[in-house]
Amino acid sequence: MAPYIDGFILPISKKKVAAYQKMSRKAGKIWREHGALEYRECVGDDLAVKGMPSFSKLAGAKSGETVIFSWIVYMSRAHRDRVNARVMKDPRLEPLMDVKAMPFDIKRMTYGGFKVFVEA
């Protein structure tokens, strides 16, 4: 069975990247404890590739912002659903979900589930 991936892209102020990193380390620990196989958070570094639309533009990043590209790996979609159900019940997640305290605008985050169809 091919793995299942939850993917995230969000623009964030460069000034808030450290706060986001602190928050995501806590979140990653929770997801892994509940069964996620992998939890990755990446911050934009080389986003303006000549001849292609930039990640920054596609993510709607404004001046002074960069892009976070993240993914969580599961065994399957059913496994993802079980893990996320446990994560959402974990009381340690509640302080991380306070919209007013988040270091980014959650309304600008893009999220989706993906079936892996090529593994090399």
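**Entry 1. Ground rules**

I worked on a predicted model, where local features need pLDDT of at least 70, side-chain atom pairs count only at pLDDT 80 or more, and totals for chains, interfaces and linings use all residues. Residues are numbered from 1 along each chain as its sequence is written, and side-chain values use heavy atoms, with hydrogens and water left out.

**Entry 2. Largest pocket**

I began with empty space. Rolling a probe the size of a water molecule over the atoms shows where such space is left. I noted the terms. The search runs on a 1 Å grid over the protein atoms alone. A pocket is an open set of points where a 1.4 Å probe fits, with protein on both sides within 12 Å along at least five of seven lines. A lining residue has an atom within 4 Å of a point. Grid points are joined across faces, edges and corners, and a volume is the space filled by probe spheres set on the points.

The largest pocket has a volume of about 420 Å³. I looked up which residues are closest to its centre. Of the 24 lining residues, they are Phe8, Trp31, Tyr39, Met97 and Met109. Strand 1 (4–13), helix 1 (17–33), strand 2 (38–43), strand 3 (65–74) and helix 3 (77–89) each give two or more residues to this lining. Elements are DSSP runs numbered from the N terminus: helices are H or I with at least four residues, strands E with at least two.

By class, I find 19 nonpolar, two polar and three charged residues in the lining of the largest pocket. Here Ala, Val, Leu, Ile, Met, Phe, Trp, Tyr, Cys and Pro count as nonpolar, Asp, Glu, Lys and Arg as charged, and the others, Gly among them, as polar.

**Entry 3. Second largest pocket**

The second largest pocket has a volume of about 180 Å³. Its lining includes Tyr20, Ser24, Arg25, Tyr39, Glu41 and Ile68. Helix 1 and strand 2 each supply at least two of its lining residues.

**Entry 4. Helix 1**

Next I checked helix 1. It has 17 residues and reaches 24 Å from its first C-alpha to its last, close to the 24 Å expected at 1.5 Å a residue. The expected span is 1.5 Å times one less than the number of residues.

Which residues of helix 1 are buried? They are Tyr20, Met23, Ser24, Ala27, Gly28, Ile30 and Trp31. Seen down the helix axis, these buried residues fall within an arc of 160°, so they line one face of helix 1. Buried means under 20% relative accessible area, exposed over 50%, partly exposed in between (1.4 Å probe, protein chains only). The arc is that of the directions from the helix axis to the C-beta atoms. An α-helix has 3.6 residues a turn, so residues three or four places apart point the same way.

On the other side of helix 1, Ala18, Lys22, Arg25 and Lys29 are exposed. The buried residues of helix 1 pack against strand 1, strand 2, strand 3 and helix 3; contact means heavy atoms within 4.5 Å. After helix 1 comes Gly35, with a positive phi near 120°.

Ser24 is buried, at a relative accessible area of 7%. Leaving aside neighbours within four places in sequence, Ser24 is in contact with Tyr39 and Glu41. Lys22 is exposed, at 54%. The C-alpha atoms of Lys22 and Asp81 are separated by 25 Å.

**Entry 5. Helix 3**

Helix 3 has 13 residues and reaches 19 Å from first C-alpha to last, close to the 18 Å expected. His79, Arg80, Val83, Asn84 and Val87 are buried there. Seen down the axis of helix 3, they fall within an arc of 125°, so they line one face. Met88 and Lys89 are exposed on the other side of helix 3. The buried residues of helix 3 pack against strand 1, helix 1, strand 3 and strand 4 (110–115).

**Entry 6. Two loop residues**

Pro103 lies in the loop between helix 3 and strand 4. Is Pro103 buried or exposed? Pro103 is buried, with a relative accessible area of 11%. Not counting residues up to four places away in sequence, Pro103 touches Ile12, Lys16, Ala19, Tyr20 and Met23. The C-alpha atoms of Pro103 and Lys89 are separated by 22 Å.

Ser54 lies in the loop between strand 2 and helix 2 (55–59). Ser54 is buried, at 19%. Beyond its neighbours within four places in sequence, Ser54 is in contact with Leu47 and Ala48.
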